[in-house]
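Please open the structure in your viewer and keep the sequence panel beside it. The tour below goes from one selection to the next and says what is to be found at each stop.

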Amino acid sequence: MTRNRAVQLAEEFSAQLQKDPQGFQFSSQLDFFSEPVTLSRSLGGVSEKRVAFHTADLSLDERELVEKGLLDGSFDIVFATPTLAAGVNFPFQTVLFDSFERPWVPNNRWLPKDEFQNMSGRAGRLGMHSKGYSVLLPSNRAQQIQANNLIGNEKVDVSSKLIEKSLRKLVLNIFSSRVANTRKSIADFFENTFWWYEQSEKNPEKLRVLPGKIDESIQWLLDQGFIQFEQDYYFATDLGVATARVGLLPPTVREVVDVVSNNIQVFSGGVENWVIGLIHAICASSDFAEGGQRFLPFARGNRPEAKATRFLRGNNLFLNINASNMPDKVQNAAYAISLWIEGVPERQLSHELPAITYGYMQRLSDDVAWVLSGLQTVLSLPSLNIPEKFLTELSLVVERIKFGVPVDLVDLVKIARSERVPGFGRHRAMVLKAEGLHDPNSLHSIDVNKLNSVLENPDRVAALLNAIANYLDKPLKRWEREHSQRAEVVGIDKQLITDSYELIGDDYETPIETLLNLVQGWVVEKIDDLKRQGVPDFQICCDGRTTLVECKTKLKEGLLFLKMTHLLF
């Protein structure tokens, strides 16, 4: 029932077994595709004995490897949370439930019968086994009674989740999608849903109070600028449409838009002045509150870590440090994200915040980045008049949270992730930075043996270098097409454009010089005589002002991956 329990059982069970040659083969694969963190090392250790575990804490590559290993018979047993039960056709003959109790789930202590049936249904798949077995291990009388209920023949009721979270969000989505645009049509919408018929049988009182709650939601959305009322019709505003599109709770959007609008002077002072305060505001937002769409990690003793409180009090916050009804979780989460974006390694993260596992840290960063990315879309609305500088800086903060690295590593990790370089993430990016090897534009000039020693695998090095070349070459193709089209419009020989993209070294400077000389009012002088080092290629004079231009090209395996941005167009 928990990720920690799955890992614990896998380690305890594998300790009784001998290592296996096929297990070594899988472990080698895992080492190639994983970063060297505790959970990956643990998975590698148990896999050598044909044992695995599968939880949400594993990276996408690691989960895919485990699933592939299950299909090709690399394992005899896997310890898994419900992540492995989502309809995947694995060749299990037996599913064993270590537990089916969830005391941490309010008002829903026991595993629901439909979830039990889905998990146990993984056993004895058609065409793989003639029989399948599901085993429950009750340890007391209460569990015995529940186990009998789970294996009984009673049908499982299907329940609607239509109004499970936020009615405001649902009403906004209905107006935004134009499914309804009047008070009557939105009432008709609800009265024709499965939820309505279900409640009419089970809880008619909910139907009686629903119209009042809908009216409250509509009034709130009107007051907060998400919808407007004109000529007897409701319409979503641009703020409402953007909010519905990104999937955030309307209160979250209102909270953060107010924070940004009310502190615009602070935001204009540079990212270092506001990033911690904004992270704290995101963690304290409605999306992470009780009943929200995202979850914050538990806090030890329901108290924030002293280090987290001290850190936040030492930074500029936009909200009171105890603004949320869960200040313990909010403070810990904000502190964790603050460490995460600086590239703090796993061991130090665990020391600073013992309650947050590395796997949960990755999930938290994904959730915060998702919320912040949606808010970035909303804040880009012209009607909000948010400065472009802030939006650009915010985009970089989103990527730092997503990747867990400082600013100077964002490009490198983005390239590696987009091209799925095996086993390269924040940990190995930080190792490269420690060696001064983190600039994507210079990695091709580094001795390959040195890169091999740092990244621990020549295939990984080759994949990273190819990813850099491929990634940096893509925008050049787009610009070449656009520049060729512009050249045709203004009557410039398109061959000049082609040459400026295809030629390298000193030859590259010839078409660039020709293009620069076509600009009216510019006096272009070539000043690099190839006899002195460090001399720029061209000097441009215009209206008494002088600009120096240096042309750079580089070739690696036939791929051009660095060029000067053209000034002409």
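**Stop one: a glutamate and its neighbours**

Select Glu352 together with Tyr335, and you will find their side chains joined by a polar contact of 2.6 Å. Bear in mind throughout that this is a predicted model. Glu352 belongs to helix H17, which covers residues 346–352, and Glu352 counts as buried because its relative accessible area, 12%, is under the 20% cut-off. If you now display the surroundings of Glu352, leaving aside residues up to four places away in sequence, the residues that Glu352 touches are Glu305, Lys307, Tyr335 and Leu339.

Is Glu164 buried, exposed or partly exposed? Its relative accessibility is 48%, so Glu164 counts as partly exposed.

**Stop three: two crossing helices**

Select helix H14 (residues 275–283) and helix H18 (residues 358–379), whose axes come within 10 Å and cross at roughly 100°, which means that H14 is roughly perpendicular to H18. To see where they meet, show the side chains of Leu278, Ile282 and Cys283 in H14, and with them those of Val368, Val371, Leu372 and Leu375 in H18. Sorted by class, this contact of H14 with H18 holds seven nonpolar residues, with no polar and no charged ones.

**Stop four: a hairpin**

Continue to strand S5 (residues 227–230) and strand S6 (residues 233–236), which run antiparallel and are joined by four bridges. Within this pair, Glu230 stands opposite Tyr233 in S6. Two residues lie between the strands of the hairpin, and Gln231 has a positive phi near 50°.

**Stop five: a three-stranded sheet**

Finish with the open sheet whose order is S7-S8-S9, and in which the pairing is antiparallel. Strand S7 (523–526) and strand S9 (545–549) are the edge strands, each pairing on one side only, and neighbouring strands of the sheet are turned against each other by 20° on average, direction ignored. Strand S8 (residues 538–542) is joined to S9 by five bridges, and if you select Ile540 you will find that its bridge partner in S9 is Thr547. Lastly, bring helix H25 (residues 505–517) into view, which lies across S7 and S8 and runs at about 5° to S8.

Methods. Residues are numbered from 1 along each chain as its sequence is written. This is a predicted model: local features need pLDDT of at least 70, side-chain atom pairs count only at pLDDT 80 or more; totals for chains, interfaces and linings use all residues. Side-chain values use heavy atoms; hydrogens and water are left out. Two strands pair if DSSP finds at least two bridges between them. Axes are lines fitted to C-alpha atoms, for helices over the stretch in contact, and angles run from 0 to 180 degrees between N-to-C directions. Angles under 35 degrees count as roughly parallel, over 145 as roughly antiparallel, 65 to 115 as roughly perpendicular and the rest as oblique. Contact means heavy atoms within 4.5 Å. Ala, Val, Leu, Ile, Met, Phe, Trp, Tyr, Cys and Pro count as nonpolar, Asp, Glu, Lys and Arg as charged, and the others, Gly among them, as polar. Buried means under 20% relative accessible area, exposed over 50%, partly exposed in between (1.4 Å probe, protein chains only). A polar contact is a pair of N or O atoms within 3.5 Å; within protein, one must be able to donate a hydrogen and the other to accept it, and residues adjacent in sequence count only if both atoms are side-chain atoms.
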